[in-house]
Amino acid sequence: MTTPTTDRRAVSAPPIDPDRLTLADLRAGLLEGRPVTVLGLARSGLALARFFSALGARVTVYDRRPAAELGPAIEALGDRPLTLRLGPDVDPASTWQGAALVATSPSIQPDFPTAEPRLRAALGELVRRRAAGDPTAPAFVSELDLFLRLCPAPTVGVTGTKGKTTTAALIAAVLAADPSHRVVLGGNIGRPLVEELLALSPDDRVVVEISELQLPTLSRGTTVAVYTNVTADHLDRHGSVEAYRRVKRRLAELVDPTGALVLNAEDPVTAALAGLGGAPTVMYRRSVPIPGGVGVVDDWIVAAGVERLPLVGGGVATGGPGGRILPLGELRLPGAHNVSNALAAVAVGLLFGLAPDAIRRAVAGFAGVEHRLEVVAVVDGVRFVNDSQGTQPDAVVAALRAFEPPIVLIAGGRDKGVDLSPLGPVVAERAVGAVLIGESAPQLEALFRAAGLARVERAPDLPTAVRRADGIARAAREESRGGEATVLLSPAAASFDMFVDYADRGRAFKAAVAEIARAHGVAVAGASAAVTDSGEVGSPSPTTSSAPASVAAADHVVGPAPGGGAGMTSATTRLSQVRPLPAERKTVLRRERHEADSAILVAVVALASIGILMVYSSSAMKAYLATDDPFRVVGPQIVWAAIGLVAMIVASRIDYRYLRLVSVPFFGLAVVLLVLVLLPPLGPLQPIRVGGSARWLQLGPLPAIHPAEVAKLALVVYLAHWLARRGGAVRGLRSGLLPFLAIAGPVVVLVLREPDLGTATVIGLTALVMLFVAGANLLWFGLLGAGAVPAVALLFLRDYQLDRIRAWLDPWAYPDTIGFHTIQGLLALGLGGLIGAGLGESRLAGGLFLPNASNDFVFAVIGEEFGFLGGVVVIFLFAVLAYQGFRVALGAPDTFGALLAAGITAWLTIQAFINIGVVVALFPITGITLPFISAGGSSLIVSFTAVGILLSISRETVERGTWNDASAPGGRRHGRAHLPGPRRGPSPADPAARA
């Protein structure tokens, strides 16, 4: 146990200048043997004493309270050789005579009227001596200011009148979703951070909740400053609302210019802070986001071009399609105010470059903090909610509006000098009764009765109040004939009249609830999850997963939860498992499987049916003349179509997320096949050359396959997986563009080597579309596009491909040679006229005068036999596929699904566009098929399988607010790469889901 000691020899040296102090100095032993004074023996003082003692300093601790009142604190100091100067008889000024540094708890300030008068006067004199240049006057620094001066890691400071604890804990959970960075949470949330200094590195992230007590002591700001709101609070300490607001401005004034200021646009006081400190401002609000900020669109949290911090590479942060991050239905925190808290956390996650999927998992997995709307238990239909942190009227109003009546309010404590009058009407409207405790009980009783609340009682202590509130709630349930009632502890007052702090009051409430639970024969289960001593966040227990989790007041280092969860929980046993919340009251995401997109299904089946007709019409005559079998070509096409339909149905019924598990081996297999097709025969494995190109691979008696077709699907699947994991890093050169080229480049090059310029073009353009949708940096994207064409032309174009380009420029100059294909295609279209010659009545098609009529030029057959209108129908069906496919991408429940749907849709659409463009002479001849229509087994089966995956994605929605229901702006507004928004209005929502 620590005892007073003075046996260590002081080092004769002038006081330490905090402005010149560095963490390296401390690690090098600057404080070894030097006297340091710590004022106050509360949490911050204990942390400072342990910190300085560990550095070898001679530590003197002063506290006006006598040792008899400080037993637990003295025990917490252990066996450290400290000098304790305790009790009212000690002269404060004598404790820092000859000290090199004076460090304090935040509440010990010379300007605070709530500080002890003698100590306040002594500190004032010390500050004046220091300002006058007295070389013997030690510097005066607070625990948090010392931490921020020395912290090597990026910091996120969170302040505001209410919501800062929840917001800070939620931000820590979001940042912890990035496993490459350790996250430390502390500050006013209950854990001083100074003891973490020696273990921190620039790779860590620190989240600090900062109170109005701490703000005036700061000389350094944080990397990111987050404001929840600023109303009126602690007027007993600051004297006026204006003075309180001036204190709150401090964090914005000190924010790092290379960081960011995150402000609540719906709070006029915080919104007015924009531009302070010279840092960029990110605004958030519960409506359409301000450009560069975060907001809500059709029940989805969306980002509108949030710029990432320079320390993570800068550039616009990546959101999901349409900027979407997560639906409000996934939030487990009750109340509209918690939507604002989630918006702030999402903004910080984007600033630090986290992927949308990671942010979504973290926010959806977070269920709150201890003592802030913490559902402690549900006993026989009565829900007990611990909102001990609700110490001022706005917080109590938010808590009352977070739950449905009937509500019984428990309130009262030490008055904080704020205007309570706005609370009366809301209590009368939302509550059926109130039970009051503490010094402010008479004032609250008069207020509530004047507002019209009929049932108001007083209780001598909190356990009695809980029992009486439980009785009122049970009676209210009987009167309403079922449903749930809520007993809400939200005091609207400080705790110091009856408790050590709000956490002590909250623990007393939970103990009283446990007694009620036992009285009703309900067993108390263990904690649903815990922040362990090392700070790692555990995953919820299977037996208690229905209950919300919480964050203890004394938090630790935060890490990503196993299984991708980011929920954070109390370090102590929870009571919320007394009885699971009813399923219909949960706000956890419930995923639903719906019918597949019927428009895509109809379009694809129609295209395949047209294809069978056109393959027969274009090949029957030629096949009959060659083999006496007019079904020689269309017969296999029917078989391939049937196999493709089965593959599509199977793929549509399998959860597309399983593709992430096979994306790497599938992609590897496709690359191997592309290599094998270029090699000499290997046993039964026979590469087949068609028209001078090595494009097919046959294994023994099995049908030949086209590896490039397999590579299209494999590349789309792997890129969707890779880009989804990459998140905002895709904007960087080394983190995005170069790895992308290393993935897609070999596939394109191998296909070009076959040579197959058309297929390589489709693959390359599809990959570029996916990179664009994922949020590629436009500069790198443009340079890549500009450099790809000349590179391919110089390195891969063959003589016959150059001939095709010449023929495209002037086909009539080569009517019998290289221009023959183009001319015959145009003639077929021209002969078709408006309505065409009729099925089987073509004069050029039939396979006799139109080369490759059943493959590359099948659209010309359609044009001749069904005319302009027939061609329009085919183009319309592909337009339906494209439009609905991108709507599926927009409605996907995750980034992987969105990118996968976008890639599949882009591939099929681009291939169709190029094929039709070749026939109408918009492009040189490329030799690619028209999806679902041209003859070819590999193309047909792979295309059907891809559509099956698209249908699987289309079957996924979420319970509340889906991307399908959103009306997001299209284009690349705010510098974002995203998909165009749908044009239909939002679907009617379940009123319960919207509540």
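**Figure 1. Helix α23 and its buried residues.** Twelve of the 17 residues of α23 are buried, so this helix is largely enclosed by the rest of the structure. Here buried means under 20% relative accessible area, exposed means over 50%, and partly exposed lies in between, with a 1.4 Å probe and protein chains only. The model is predicted, and local features need pLDDT of at least 70, side-chain atom pairs count only at pLDDT 80 or more, and totals for chains, interfaces and linings use all residues. Residues are numbered from 1 along each chain as its sequence is written, and side-chain values use heavy atoms, with hydrogens and water left out. Helices (H or I, at least four residues) and strands (E, at least two) are DSSP runs, numbered from the N terminus. Helix α23 covers residues 757-773 and reaches 24 Å from its first C-alpha to its last, close to the 24 Å expected at 1.5 Å a residue. The expected span is 1.5 Å times one less than the number of residues in the helix. The buried residues of α23 are G758, T759, A760, V762, I763, G764, T766, A767, L768, M770, L771 and V773. After α23 comes G775, which has a positive phi, near 105 degrees.

**Figure 2. Helix α4 and the strands around its buried residues.** Helix α4 (residues 117-131) has 15 residues, and from first C-alpha to last it reaches 21 Å, close to the 21 Å expected at 1.5 Å a residue. Its buried residues are L119, A122, L123, G124 and L126. The buried residues of α4 pack against β1 (35-39), β2 (58-63), β4 (101-104) and β5 (139-142). Contact, here and below, means heavy atoms within 4.5 Å. G133 follows α4, and its phi is positive, near 90 degrees.

**Figure 3. Helices α20 and α22.** The axes of α20 (residues 659-676) and α22 (residues 733-752) come within 9 Å and cross at roughly 25 degrees. Axes are lines fitted to C-alpha atoms, for helices over the stretch in contact, and angles run from 0 to 180 degrees between N-to-C directions. The two helices, α20 and α22, are therefore roughly parallel to each other. Angles under 35 degrees count as roughly parallel, over 145 as roughly antiparallel, 65 to 115 as roughly perpendicular, and the rest as oblique. The crossing of α20 and α22 is left-handed, a term used if the near helix is turned anticlockwise from the far one by less than a right angle; clockwise is right-handed. From α20, the contact uses F667, V671, L674 and V675, and from α22 it uses I743, V747, L750 and V751. The contact of α20 with α22 has eight nonpolar residues, no polar and no charged. Ala, Val, Leu, Ile, Met, Phe, Trp, Tyr, Cys and Pro count as nonpolar, Asp, Glu, Lys and Arg as charged, and the others, Gly among them, as polar.

**Figure 4. Helices α21 and α22.** The axes of α21 (residues 707-726) and α22 come within 11 Å and cross at roughly 175 degrees. Helices α21 and α22 are therefore roughly antiparallel to each other. On α21 the contact residues are A708, A711, L715, Y718, L719, W722 and R726, and on α22 they are S735, G736, P739, F740, I743, A744, V747 and V751. By class, the contact of α21 with α22 has twelve nonpolar, two polar and one charged.

**Figure 5. Helices α28 and α29.** Helix α28 (residues 858-891) and helix α29 (residues 895-919) pack at an angle of about 160 degrees, with their axes 9 Å apart. That makes α28 roughly antiparallel to α29. The crossing of α28 and α29 is left-handed. Among the residues that meet are I875, F878 and L881 in α28, and A902, T905 and L908 in α29. The contact of α28 with α29 contains 17 nonpolar, four polar and no charged residues.

**Figure 6. I933 in a loop.** I933 lies in the loop between α29 and α30 (937-954). At 0% relative accessibility, I933 counts as buried. Leaving aside neighbours within four places in sequence, I933 is in contact with L607, G611, V615, Q637, V858, I862, V874 and F878. I933 and V604 are 329 residues apart in sequence, with 9.7 Å between them in space, C-alpha to C-alpha.

**Figure 7. S598 in helix α18.** S598 is found in α18 (residues 598-627). At 51% relative accessibility, S598 counts as exposed. S598 and S954 are 356 residues apart in sequence and 9.5 Å apart in space, C-alpha to C-alpha.
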